[in-house]
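Keep the structure open while reading.

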Amino acid sequence: MTELLAPAGNLERLKTAFRYGADACYLGATSMSLRNFADNFTLQELEEACTLARRLGKRVYVACNAFARDNDIDRLPPLLRSIEAAGADAIILNDAGVLSVAREVTPNMELHLSTQANTLNSAASLFWHRQGIKRIILARELTLNEIREMRKRLPKSLELEVFVHGAMCVSYSGRCLLSNYIAGRDSNKGECAQPCRWTYEMRETGTNGEHFTIEQDDIGTYILNSRDMCLIEHLPQLVDAGVSSLKIEGRMKSIAYVATVVNAYRMALDALYEARAAGKEFVLPQRILREVSYASHRPYTTGFFFGESKENGQETHFSAYLQDAEISATVLEYDAEAKEAYIEQRNRFFVGDTLNVLSPGDVGREFRVGYIRNEAGELVDSAPHPKERLYIGCDCAVKTGDILRKAK
């Protein structure tokens, strides 16, 4: 079975990812991670995460893939020993020096090579495999046919991981210095300011030093802004190509995003395997495809999966996120007899609003909010206060942890 790998920016998101069907999560410790603005995991939280994963039969991978200088290497051994002691299943790295230290300090740890190493061919993959790498996280610039060909040439002992969903970087495999120059924040140290999403204006300097704005149409505005990857409709090709793991991007994304996207890919994969076990042709149900539009995203693209395309690579019109639904509440308890849900509010909703239910392996159900009552027993017209706990009339059976959303 192909692994579904989800991002976990903190412990709550890891629990959400596991609940909604992820087979494994990747995360960062408080140093050496490329997502320094995610909450990340203290060593105590990492131990808790690994304990939970073992209990559920799932896996945890820790990213140590920041571009390392000598002072980073000097601090690395205690970090790696702590990661191993916490019970993590693998370390994600991209630096030959980090690899050397990891092999010496934690020789029994499984090592995965980050996409930051931009591995594009089987010869490089074999080289890294000989150095002790168990899994290659392939460069996002590869096509489906190139991935298939690499899989044929490589031993089964070397796993291949492919990004299938989430934000794309304008730079080659994410190796970008634009943030360093413009904002003084090192993207290769986990501090990217995402200047590729900003609006740019072109100007010409005249001979007397005066600036003249060059008129341009909307195609020239967001010239660096990449679309988001979405391969949910192409899972059969990826499975058939021999990919070991399907990776969802987003360690800085919300709980609603993690739950929605992980659930959609979990349901799609399960439907694929069920169809094949029954000898039927797989057709992705529209209710599952609809889910990826509910998650916050930029316009979707298949990236380089089917070759380069000027039409589907960049979004030059705007850089704002799209989202067809927003989270209204999470379910704390449900009284089936009273048809009442005890919830924690996340975004404002009103009596009479229609909310849909996001539950593990279950999408498409909805209900009308019959009433809203606060904890003081007072009936109110709306739920305007963030994190307020309320009782709502709900004639749709829900479970603790389910997410209630309002379509836009």
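## Helix contact

T260, A264, Y265, M267 and A268 in α9 meet R287, I288, E291, V292 and Y294 in α10. By class, the residues of this α9–α10 contact divide into seven nonpolar, one polar and two charged. The model is predicted.

## Helix geometry

Two packed helices are described by the angle between their axes and the distance between the axes. Here, helix α9 spans residues 255-277 and helix α10 spans residues 286-294. They pack at an angle of about 160°. Their axes are 9 Å apart.

Are α9 and α10 roughly parallel or roughly antiparallel to each other? Angles over 145 degrees count as roughly antiparallel. The angle for this pair is about 160°, so α9 and α10 are roughly antiparallel to each other. The crossing of α9 past α10 is left-handed.

## Positive phi at K339

K339 is not a glycine, yet its phi is positive, near 55°. Where does K339 lie? K339 sits in the loop between β13 (325-335) and β14 (340-345).

Its relative accessibility is 46%. Buried means under 20% and exposed means over 50%, with partly exposed in between. K339 therefore counts as partly exposed.

## Positive phi at K387

K387 has a positive phi too, of about 65°, and is not a glycine. K387 also belongs to a loop, the one between β20 (382-383) and β21 (389-393).

Notes
Residues are numbered from 1 along each chain as its sequence is written. This is a predicted model: local features need pLDDT of at least 70, side-chain atom pairs count only at pLDDT 80 or more; totals for chains, interfaces and linings use all residues. Side-chain values use heavy atoms; hydrogens and water are left out. Helices (H or I, at least four residues) and strands (E, at least two) are DSSP runs, numbered from the N terminus. Buried means under 20% relative accessible area, exposed over 50%, partly exposed in between (1.4 Å probe, protein chains only). Axes are lines fitted to C-alpha atoms, for helices over the stretch in contact, and angles run from 0 to 180 degrees between N-to-C directions. Angles under 35 degrees count as roughly parallel, over 145 as roughly antiparallel, 65 to 115 as roughly perpendicular and the rest as oblique. A crossing is left-handed if the near helix is turned anticlockwise from the far one by less than a right angle, and right-handed if clockwise. Contact means heavy atoms within 4.5 Å. Ala, Val, Leu, Ile, Met, Phe, Trp, Tyr, Cys and Pro count as nonpolar, Asp, Glu, Lys and Arg as charged, and the others, Gly among them, as polar.
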